[in-house]
Structures are given as C-alpha cells and as structure tokens.
Amino acid sequence: MSISFQVQDRLFTLHTRTTTYQMQIGPLGYLCHLYYGRRAEGSLSHLYRPEEFGFSPNPYPLRLQKVTSLDTMPQEYTGCNTGDFRVNCLTVSGAEGAYGAEFRYVSHAILPGKYAVEGMPSAFAGADEAETLVITLADEVTGLELELYYGVFEARDVITRAARLRNAGENALTLERAASLCLDFPFGDWDLLHFQGRHNMERQVVRAPITGGIQTASSRRGASSHQHNPFVILAEQDATEDRGDCCGLMLVYSGSHRTDVERDQTGSTRVVMGIQDSQFRWTLAPGEHFQTPEVLLTFSHEGLGQLSRNYHRFIRGNLCRSPWVNRRRPVLINNWEATYFDFDTDKIISIARQASALGVELLVLDDGWFGSRYDENRGLGDWFVNEEKLPGGLDRLISEVNGLGMQFGLWVEPEMVNEDSDLYRAHPDWALTLPGRAPTMGRNQLVLDMGREDVVEYLYQRLSALLEGHNISYIKWDMNRSLTDVYSRALPPERQGEAAHRYVLGVYALLERLTARFPEVLLEGCAGGGGRFDAGMLAYCPQIWCSDDTDAVERLSIQYGTSFGYPVSAMGAHVSACPNHQTGRTVSLDTRAVVAMHGTFGYELDLNLLTEAEKAAVRRQIERFHRYADLIGQGDYYRLTDPARTSDCYAWQTVSPDKAEALVSVVIPHVRATTPLIRVQLRGAGGGRPVPGFRVRRVQRRERLRCPVRPGGGQGVHRRGADVQRLRPPPAVRRLPQRSDSLGKGAVTWIP
C-alpha cells in the first residue's frame, strides 16, 4: 500500500519508490503538513515543533496556549482571514460580505486507482498503478466543504494534488481565490527555479535563492503564456544535475495562473499554486462546487536531471492520452516560412514534390487556406476553403499530396476571429469585448468567448466537417494573441469574474470532443509558438510548437529550459530557412538538423531553393532521424552542459531504457578565440555517474579528433559492444582546424 493512515497518531503517510509525503491531523482538527522528501519510515512529527512568535494570533479555544498559531503552522490547505498572514490558498466571503474560513478534519477515504478532475485534464493510471487519498475538511460557519485529492504513483515517484470546494451551507458564497495546492517546507535553504521569457524566447531558466518576502511567477494573459510557465522547482542551493534535493510543482492548466513562494518569519518556505486570482470571482450557490486544476509533484534527491526524467516519463505515460504519444512522428514540411500567405495549389504541390523526393512524410498547410485569408487582418473564423487560392478545394490538393506518398496536415486557429469575417458579422456577441469600449486588438484579431456553449458547438461542427470530409492526419492548433477585454455577454454582471476560467474550460471541452471523435489525428498545440506549452495542453497534444523562433542557436536555450519539465517528444522543432526569418542569422544545415532532432523534427522552408549538396544532406538527416527516432522520443534525457556556466557548448544525451544505447548531441554555438578544451561527461549509468560501458560505434563522418572552428553541431551514437574502442570517462570535444569538405561544419568527435 502506498497510502496508509495511522489511527493512534492520526498520521497520513504517502510513499513512492524513493519519496515520502506525510501529514497529521493536529490541534482542533487542522491538517498539518509534516514532510515531503526522501523516503523515510515512521512518524516525522518531530520535524514540526510549535513555538511562540509575537503577533502570530491563536485560535480561540487555544488562546492561552500561545504556541499554536495558524500563522506558523505548516498547512495542507489554508483558510481565509483567520490568523495566517502568509500567502493563502483561499479568499471566500459569505452573504454578509464577511471574509473567513477555517478548515478542520471531517473524514478521509483511501481508494484504488486515480481520481479524475471534473472539466479539466488530469493524470490517469493503469490497473494497480496508483492509489487515491481523499481528505474532507469543512468550515462549520459557512458550510464550505473542502476535499483534498492525492494521487500516488509509487513507481513513477509522482504525487498529484487537486482540491474541490463545495457549498454545503444555506447561502451563496463568493470565491475570489481558490488555489490547487499549498506546500510548506518547514526547513531548508532553497533556490527557486522558474521559466520566464517572451515571444520568441520562451522558458529561459532563472535560478535565485529564496529569501524573505514573496516571489511570484504568474500569467494574467488568459493562457499559460510565453512569459511565465506554470512550472517551478525548489532546489537545494548546491543542487546540480546529478545530486541534491529538489521538488517540482507543475500545474495542469492552460489559462492564467499564479505561483507564490514565500520564506516566512520561521524560516519555512511556502508554495501556493493555482488559477490566477486577478479578476477572478466565482459564485457558489448552495449545493454547487468548484474544482481546481491538478498539480503534479515529484521530488528527487539525485538532482535536477532525475526530476526532469520523472516528469518526462510521467507526461508520456500518465498524462497525454493521444495514441501518438509513443509513436514515431512523421517528418513534416510546413510551408509557413517558405510562403507565408502568398501561395496557391501549384506552389504548395511544388514544395510537396521536392519534399517527397527527399523523404519527407507529411505536408502541413499553414495559415491562409480559408475564407478571405489573404493576410492576417481578415477571415479568421470562416473555416471554409478559399477556392481562389486552392481551385478544386482541399480535396485536389490532398489527393496530389497523398499521391506523392505523403500525409496531409492543416493549420487552424479556432479560438480567434477577425472583425472582417462572416462569423463576426453574424455573431459579434461571440467575441470578448468590453461594453462601450473599442476593443484592444492583438494581431488585429479578437478572441471568441469559449465559455459559451454555442461557440464551442459551432467550432466543433466546423472542425469535425473538415476532418470528416477530408483525409487530414494532422492538425496544428494555434492561438495568436492574449486575452483582453474579458467580458462575456452570456454571463450576468455578478458572474463576469468567471469568464476567463470558463474560457479555458470551453477550450478543454472542445479538445475533449474532437480527440475522442478523431483519436488518430496527430494534434500539435501552438500559441504563437510556445505561449501555451503546459501540461494541460499536453494531455491532448502529444507535441507543442516549442517557439516561433526557429533560429537554431536561439532554440538551444529555449529547448534547454523546456527540458526541465517537458519531454523532448513534446517539443515541435523544425529546420528553417537561412538567413533565419526571426534573427537574420545563418547556421549550417547540419547544425540546424542536430538542434531540430532535439524535438519532433521537420522542415519549414522551400526545399526547392536548396543546392543539390544540401538536398543530399536533407536525405541523410531524415534517414538519421528515422534511425534515432525511438531513442530520442522514448529514451531518458540528460543535460550534459549548463549554459549558465559556459555558453561555448550545448550538449545533451538520450539513453535507451535498457541503457544499451545512447545518442549524444553537441553544438558549438559561437566562434571563440583560443577556446579551452571542452569536456563533456556522459551520463546514464545511474546515480549521476559517468557511463563507462558505452563504446563508440559511430561518430558523424567517422572523423576523430575533429571539430570545426566555425560554429556547428553533430551527433554520435554509443552502444555497448566489444568490437570498438572504449571511451574513457569523461570524453571530450576538441576544436581543430576546419576541413574543406562541406559537412565539416557539422562534425563532432570524441577524444578516446
């Protein structure tokens, strides 16, 4: 049993393979958090010792015992306005307008399997893979009941958490904050790792000590955002990739979110994570309930690398429901950076012919195929084929593409609408706009009110007609602006604070229906690139376009940061045209391919414009990806270099589950004068040790001791075997003078 309850000590213990999570029903029935960390046995109640702190008030029944205060007690979920001045989970008011709630233990249940989260994606479990603990607490004054859900995946070293609030009283209640999780660390000095950025530079790793005060990572954009990902890590201050304690918290939610981290007066650290409370207001009538999103927790005492691998395995095995999650994805060609809006059937077929000849397996037609969509200012919402651009419609184009032996994919942006569209002219009330104000525009488009059932039904019918009526095997689902002017004409004034969350619920409802009806369609998420790269979308999309920035050098740090929580198999990555459309940089074709293979792999350029030598290189790249695809998509991922320590080299490694094979990729992003020797230590033998058993079977171009002065990248395969020379740990990469041959730019070798 991974969950136990000790009656005498009123102690809940949750065990995974290497961790323990423990709680205790404390004074007056408060649920106290005791411990989350390395696996331990027995009661850990001695770790929490109540002490008196001035100006920390006491519950009325214990007013003479000044050591008991909610302001210093580690709690599983806080109340509201009753003595805890730290960041709280809840803000609730009753009929009198009074804010207040104080939760005490009522009951609990230990159940087989994994609970489900109503209306939102959540983790799932196979037979006998998980257990569920449900603890019910209640506030006797308001009648507000709180159910805390814990899903324990023992073998995966993951614990999930969610909360459900139900109004069991006689009067309506108003929620102004309802977080998913509160997690108190009563001791320890921690660093906070969070993942900030901007459009075209998402998920950049920021690591800083947690000091006094409150540190916040949040989004108010209606989506998880390019700016702050709904995922954070607390790590010991000396924790590295291979050693040290660290705890990850990942929110399964695709809307506005908020994570607060506070170091309090006692030296404890509290994390509160959940839906963004800015402009949030939810009315709970008697008998109604509110469900919070789920949080995925994992703890590693073997460093950040093991924490990442826990998440990678869990997302692939227990979150993403797509049958594509563990399949090799087809190598695709996307026309966007080759044509933008300027295309017709003949131009697309010309790209498809060349792509097919080089081994590409899927053509994706991007923005511009529908309605009056000749530029970004019109046509969104009118999901009908533009036959001026595509004479004969999609059927002719798809038939031509399929005849070349390729699958066909299509770009859509269902959640948006242009004012210049038939849909908006027919239903202006379907857009989010403020009464009496000219709307704020993003990309000259508006956002549809996805909280409306009629909007969701319209989109379901149109997208279903496309997928039912045409041989479409792939959909790229985009979202190209943040939410502003959030006002729903389907809600009364007192419920407008529900509009943003209802929007997310509507997106999930649409995805749920479509993926259930068309499970074999490969769905890629996108939001101006990586603006909605989160666990909520990954439940439906086995891959997400990692960033609109396709510059291989820029992608190194984007994909590096993404890897801390999300698997390589989820990162949409393409070889794009050079000079790059975002940065103007020129990078060798081989280096672009090495970086793109750190993801789902495809091309986004006009292959007709390549030289014959470059076309031959593309053929080899696709052949190489086919050889390594299963290893890349399903292997264990290791970051071998840290750009915070050196920017001269990015190196990463994927190890097969049986540890018989490893793929090592290295990119030298910049020219440096008199560069010192770069040493890269292989990983994967367990415990963060070097890999003494891997032997060189192939190094790109079989060139030893050679790497060009010009920036470049390459890959080497290492397998166990007796017929080749053994590597000495740690192997190293050395730059030597450039060869004259064309592929020297991408060559990387190991010094044995």
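The following legends describe close-up views of a predicted model. Local features are taken at pLDDT of at least 70 and side-chain atom pairs only at pLDDT 80 or more, whereas totals for chains, interfaces and linings use all residues. Residues are numbered from 1 along each chain as its sequence is written, and side-chain values use heavy atoms, with hydrogens and water left out.

View 1. The largest pocket holds about 670 Å³ of space, a volume being the space filled by probe spheres set on grid points that are joined across faces, edges and corners. A pocket is an open set of points on a 1 Å grid over the protein atoms alone, where a 1.4 Å probe fits, with protein on both sides within 12 Å along at least five of seven lines, and its lining residues have an atom within 4 Å of a point. Of the 26 lining residues, E241, Y560, T641, D642 and R645 are the closest to the centre of this pocket. The elements that contribute two or more residues to the lining are β12 (201-209) and β35 (678-679), strands being DSSP runs of E of at least two residues and helices runs of H or I of at least four, numbered from the N terminus. By class, the lining comprises twelve nonpolar, five polar and nine charged residues.

**View 2. The second largest pocket.** This pocket has a volume of about 530 Å³, and among its 29 lining residues H199, N480, A527, G528 and D548 are the closest to its centre. Its lining is made up of seven nonpolar, twelve polar and ten charged residues.

**View 3. The cis peptide bond at P579.** C578 and P579 are joined by a cis peptide bond, with omega about 0 degrees. P579 is placed in the loop between β30 (575-576) and α10 (589-596).

**View 4. Positive phi at L28 and D485.** L28, although not a glycine, has a positive phi of about 60 degrees, and it lies in the loop between β3 (19-25) and β4 (31-38). D485, likewise not a glycine, has a positive phi of about 55 degrees and is found in the loop between β26 (474-477) and α7 (499-517). L28 counts as partly exposed because its relative accessibility is 30%, while D485, at 10%, counts as buried (buried is under 20% relative accessible area, exposed over 50% and partly exposed in between, with a 1.4 Å probe and protein chains only).

**View 5. The surroundings of D534.** D534 sits in the loop between β27 (522-525) and α8 (535-538). The side chain of D534 makes a polar contact with that of S254 at 2.7 Å.

Methods:
Nonpolar A, V, L, I, M, F, W, Y, C, P; charged D, E, K, R; others polar. Polar contact = N/O pair within 3.5 Å; in protein donor to acceptor, adjacent residues only side chain to side chain.
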